[in-house]
Amino acid sequence: MKKTLLFWTILCLSITINAQSDLADSFRKELEKNNDDNIRFKYNNLMYYRYAWTNPDSAIPYVQQNILIGRRLKSDSVLSFSLCQYGLLFQFKGNFPQALHYSFEALKVAEKTKQFVLIGLAYFTLTEAYLAQDDYIRALFYATRGKSVFDKHFAFSLASVQKSDTLETYKNILSKLAVAYEKNVQLDSALKYIQITEQLDKVLKNGKMIWDHVPFVYGNIYFRKGEYRKAIRYYRWGMELGTRGNYNIGIMNNAYGLANAFKKINSPDSGIFYANKVMEVSRYAKYPQVQLEALTLLADVYKGKDNTDSTAKYFELALAMKDSLFNRGKVLQMQNQTFNEQVRQQELQEAEQKRLYQYRMYAMVAGLGVLAIIALLLYRTNQHKQKANLKIEKAYEELKSTQAQLIQSAKMASLGELTAGIAHEIQNPLNFVNNFSEVNKELIDEMEQEMGKGNLDDAKAIAKNIKGNEEKIIHHGKRAEAIVKGMLQHSQTSNGQKELTDINKLADEYLRLSSHGLRAKDNSFNATMNTDFDDSIGKINIVPQDIGRVLLNLYNNAFYAVSERKKKQPDNYEPTVTISTRAISSPPTGGGRSVEIKVIDNGGGIPQKVVDKIFQPFFTTKPTGQGTGLGLSLSYDIVKAHGGEIKVETKAEKGTVFTVQLPV
């Protein structure tokens with residue numbers, strides 16, 4: 001059963017996409033009269049290819065039926081392929097978070113099958129998804145992986161190639177690899193792989209009409225080289241092929257390429273004509289990403305012609321389309337999809353570490369309890385004996401040591417929140433280093449193969465790509481190094497030495513670290529952060545590590561307050577934290593100048609009956625387990641040690657203002 005279904009799966013890759021309407025009616029009749037899953041899977045696929053490139057919404061029900069068939073038959077092969085189709089449909093519709101979600105699901109299922117064609121197909125869909133989002137680094141990463149999967153399982157040579165459905169998938173991966181290289185401005189590699197794709201396409205089609213995607217990629221490569229006339233010839237070729245084959249996406253892509261190229265050679269009327277051609281086809285073929293590019297181009301061309309009305313019209317349409325494709329919510333979803341795959345194993349490790357930590361805490365508490373009981377028994381039964389007195393004193397000292405450790409733990413909790421924020425800051429350069437390293441590994445293997453074949457020109461081109469990637473690795477490595485140095489500086493124990501410090505920069509830096517630390521614990525939370533810094537302050541003489549801890553405590557309390565109020569008023573409340581600095585002429589100690597720092601939140605406020613107690617050690621308004629009551633106490637001591645003052649103003653359901661004054 002599974003082999004038969006997989007045969008139809010791969011076979012469908014080479015089926016003509018736009019079947020005639022009478023064939024579509026025939027397929028529907030076959031679906032209505034057959035209950036056999038083999039047959040239904042076959043005709044669902046035929047209907048998918050009937051609609052996928054013309055009307056993705058109509059193709060969705062057929063893919064959904066095949067997903068159900070795969071689950072019902074417990075066939076990972078069928079399920080993985082159908083999930084790939086599902087991801088592509090969402091990409092065509094411009095729903096990139098869903099496209100990523102189902103592409104990653106397809107990859108997970110494909111890896112269980114250990115079938116390299118399905119794994120390669122999943123990498124192909126991921127490459128498509130990241131190209132659509134303009135994330136060209138990850139697109140190149142997954143395209144390279146897809147090629148690598150195929151290279152490990154069979155030796156490919158154009159001289160000995162024979163028509164097969166496996167090579168059809170391999171051809172698609174090579175074409176996307178060419179696109180990824182072009183988008184990363186590695187044009188020699190892009191040209192190499194699109195040439196291989198073209199030759200392979202001709203062999204697989206026995207000399208029949210070539211794939212319209214091939215001239216489109218050629219056109220993009222020569223466009224980037226600045227050879228606009230040559231690019232126009234390829235785009236015209238691609239548009240002709242797309243029109244002959246009724247491939248709407250090919251028509252739209254190549255028409256946009258022509259519009260952009262004519263704009264470059266200062267032929268705005270031709271640019272407008274072909275951009276409007278994109279919009280004309282889009283009326284019955286919904287490909288929002290190409291529509292967005294065409295609208296943006298139209299706005300730009302009309303701007304150059306000083307046509308204010310048309311410029312405004314197309315600019316507004318482009319903004320609306322861009323917001324629907326890349327609004328903040330969708331961007332966050334896409335980032336989460338990517339990040340979730342990277343941290344899945346890390347989360348398992350962290351869960352195990354947390355479990356061990358809890359066991360140790362329970363053991364420590366139990367040990368302290370046993371120790372206290374033993375000390376009490378020794379005191380009551382041996383109070384007149386010297387040996388008993390020594391044991392009691394020892395137990396007392398151990399309890400004091402434990403209390404000191406608890407205080408130190410509270411300080412380290414603050415450091416932990418700081419570290420969580422820094423971890424978010426350092427994640428981005430590390431991702432770049434890891435991704436470029438993975439790509440270089442694949443490129444080195446490829447270079448060794450080319451050198452083994454004696455293709456020194458190709459090997460040099462690959463070496464050039466590796467060198468470029470290494471420069472980017474060095475750049476992002478130095479960036480990560482700078483962040484780590486900053487982390488070490490902020491986390492080290494203060495030596496009490498004052499130094500000239502930019503208070504505005506310090507306040508802004510700890511604000512970002514505090515917000516990142518909160519999101520690391522609760523990624524659903526978000527707050528508006530406003531800053532109003534007085535640039536005339538300059539640098540002041542303080543202990544930066546100590547004042548940084550004060551600011552971090554105040555920020556953490558402010559974010560906690562607005563977060564708690566948000567839970568009670570989710571509909572009509574917007575959490576807001578505002579930070580301001582200004583120079584004043586009357587410091588707390590009198591004479592000279594001072595700096596005033598305000599931390600303002602619109603949280604629930606502090607009850608008036610406890611305001612006078614908030615700077616006392618171990619006093620907290622937070623629930624048990626969420627606060628130690630040491631943050632404001634330590635902050636009060638640090639500010640006083642600097643000769644300054646810290647004050648609080650609060651109103652119920654209005655918010656709280658903490659004011660720190662430091663002498664200059």
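Mentor: We'll go from the whole chain to the cores, then a helix and a sheet. Keep in mind that this is a predicted model.

Trainee: Fine. How many helices and strands in the chain?

Mentor: The chain has 22 helices and 7 strands.

Trainee: And what share of the residues is buried?

Mentor: Buried residues are 48% of the 664 in the chain. The accessible surface is about 34300 Å², and carbon and sulfur atoms hold 51% of that.

Trainee: Now the cores. How many residues are in the largest nonpolar core?

Mentor: That core has 98 residues. Tyr48, Leu89 and Ile194 have the most contacts inside it. Helix H7, residues 116-132, gives the most to this core, with 10 residues.

Trainee: What does Ile194 touch?

Mentor: Leaving out residues up to four places away in sequence, Ile194 touches Ala178, Val214, Val217, Tyr218 and Ile221. There is also a second, separate core of 39 residues. Ile547, Val599, Val611 and Val648 are among its members.

Trainee: Back to H7. Is it mostly covered or mostly open?

Mentor: Mostly covered: 16 of its 17 residues are buried.

Trainee: What span should H7 have, and what does the model give?

Mentor: At 1.5 Å a residue, the 17 residues of H7 should span 24 Å. The end C-alpha atoms of H7 are 24 Å apart, so the two agree.

Trainee: Which residue with a positive phi follows H7?

Mentor: Asp134 follows, with a phi near 65°.

Trainee: Switching to the sheet. What's the strand order?

Mentor: S2-S4-S5-S7-S6, an open sheet of 5 strands with mixed pairing. The edge strands are S2 (528-532) and S6 (645-651), and each pairs on one side only. Neighbouring strands are turned by 15° against each other on average, direction ignored.

Trainee: In which sense do S6 and S7 pair?

Mentor: Antiparallel, over 7 bridges, with S7 covering residues 655-663. Thr650 has Thr656 in S7 as its bridge partner.

Trainee: What holds paired strands together in general?

Mentor: Backbone hydrogen bonds, in parallel or antiparallel pairs.

Trainee: Last one. Which strands does helix H20 lie across?

Mentor: H20, residues 503-521, lies across S2, S4 (576-584) and S5 (594-601). H20 runs at about 175° to S2.

Methods. Residues numbered from 1 in each chain as written. Predicted model: local features only at pLDDT ≥ 70, side-chain atom pairs only at ≥ 80, totals over all residues. Heavy atoms only, no water. Core = buried A, V, L, I, M, F, W, Y, C linked by side-chain atoms within 4.5 Å. Buried < 20%, exposed > 50% of the residue type's maximum accessible area, 1.4 Å probe, protein only. Helix = DSSP H or I, 4+ residues; strand = E, 2+ residues; numbered from the N terminus. Contact = heavy atoms within 4.5 Å. Pairing = 2+ DSSP bridges. Axes fitted to C-alpha atoms, helices over the stretch in contact; angles between N-to-C directions. Expected span 1.5 Å × (residues − 1). Areas by Shrake-Rupley, 256 points an atom, 1.4 Å probe, with all protein chains shown as cover.
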